[in-house]
Amino acid sequence: MKRLITVLIFVMQVGLAYSQQQQVLTQYFNHILTFNPAYAGHHTSGEINVAYRNQWLGLEGAPEFQLANYSTALFGERVGAGIGLMRSSMAISSELTANAYYSYRIQLESGVLSLGVQASVKNFTSDFNDSRIVTTQPRDIDPSIPMENGSVTVPNFGFGAYYQAKNYFVGISAPRMLQNNIDFAGDGFASRERLHSYITAGYNFDVNREISIQTSMLAKYVKGSPLDLDMTLFFRFVERMGFGMNYRLRDEFNSLQGESLSFIINASASPQFMIGFSYDMALSRLRDFHGGSLELFVRYNLPEAKRESK
């Protein structure tokens, strides 16, 4: 049974390489930099974000994702800059991406408008010698499965815009503009990078000085795939503790059944240090084959340098 599931995942992965190449993050509101370079420098002091996601628990070869980002504001907070590293894996395939982010911040009367660009290098690798691959005939006479491992590295670039006011934010981005050929055979027929477009928005309601309610959404569009939509309701207490829920519309978008319902909790041990945890309860047709998804993140904001008084 496990080998059968592995084969099914491999088939799914081939389809994902064609249309869905960007990561899924339930706590997207804590990781806006990963899909919008204009967010770089949003926090004036340096900010470090680390995250880990284990998707479809109990399913052999299921997706895993890790990221580490650093960004900061420079030149009197007019500029933001950052770097990041992301790794994802699924079945026999993995991706490793290095990103560099730059943003220019414009102070407006009611908020800050940021315009950003990013450059990236991504490596795609598949291990065709994985012991879990099952074939119906000897591999040396089956040309459909390569005998050697495959690897290809491609550059890319993207852009984004992000506006932050006192109680709300809105952003739009396309982090990978080039539709690179990522087919190991070199003909580009089976696999190409696809342009992903993102829109994110959120509003913060201050109930009182200690409690706030945050609503947010993330929409993603890829040509050839249904619109993806995440919607989140989050309650925050004294800036130290928060919990919320996320509803994701993906595989079953037409029926509004959705893919998952997620439970999120964040906690701050200090003004600089925050940890977060989320669990996705599956709603789609895959729910009978796995035990949901887990996501962890850690954020650390470097203390701001004290300004000397004259």
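**A walk from cavity to surface patch**

The largest cavity is lined by Gln23, Val24, Leu25, Tyr28, Phe35, Tyr198, Leu218, Lys220, Asp228, Leu229, Asp230 and Arg250. A cavity here is a set of points, on a 1 Å grid over the protein atoms alone, where a 1.4 Å probe fits but cannot get out, and lining residues have an atom within 4 Å of a point. This is a predicted model, in which local features need pLDDT of at least 70 and side-chain atom pairs count only at pLDDT 80 or more, while totals for chains, interfaces and linings use all residues. Residues are numbered from 1 along each chain as its sequence is written, and side-chain values use heavy atoms, with hydrogens and water left out.

About 100 Å³ of space lies in this largest cavity, the volume being the space filled by probe spheres set on the points. E10 gives the most to its lining, with 3 residues; strands are DSSP runs of at least two residues, numbered from the N terminus.

Let's follow E10 onward. Strand E10 (residues 228–237) runs antiparallel to E11, with 9 bridges joining them; two strands pair if DSSP finds at least two bridges between them. Met231 has Tyr247 of E11 as its bridge partner. The two strands form a hairpin with 3 residues between them, and Val238 in the turn has a positive phi of about 50°. E11 then pairs with E12, again in the antiparallel sense, over 8 bridges, and there Asn246 stands opposite Ser262 in E12.

Now to the charged side chains. Asp280 and Arg53 meet in a salt bridge (2.7 Å, N to O), defined as a side-chain nitrogen of Lys or Arg within 4 Å of a carboxyl oxygen of Asp or Glu. Asp280 lies in strand E13 and Arg53 in strand E1 (residues 47–54), so the pair ties together parts that are 227 residues apart in sequence. Arg53 also meets Glu295 in a salt bridge (2.8 Å, N to O). Glu295 is buried, at 0% relative accessible area, where buried means under 20%, exposed over 50% and partly exposed in between (1.4 Å probe, protein chains only).

Met241, Phe243, Met245, Phe263, Ile265, Phe277, Tyr279, Met281 and Leu296 make a nonpolar patch of about 770 Å². Such patches are made of residues with over 30% relative accessible area and no salt bridge, nonpolar side chains being joined within 5 Å. Strands E11 (241–249), E12 (260–268) and E13 (273–282) each give two or more residues to the patch. Met281, in strand E13, is partly exposed at 35% relative accessible area.

Notes: Patch = residues over 30% accessible without salt bridge, like charges linked within 9 Å, V, L, I, M, F, W, Y side chains within 5 Å. Areas by Shrake-Rupley, 256 points an atom, 1.4 Å probe, with all protein chains shown as cover. Helix = DSSP H or I, 4+ residues; strand = E, 2+ residues; numbered from the N terminus. 1 Å grid on protein atoms, 1.4 Å probe; cavity = no way out; pocket = protein on both sides within 12 Å on 5 of 7 lines; lining within 4 Å.
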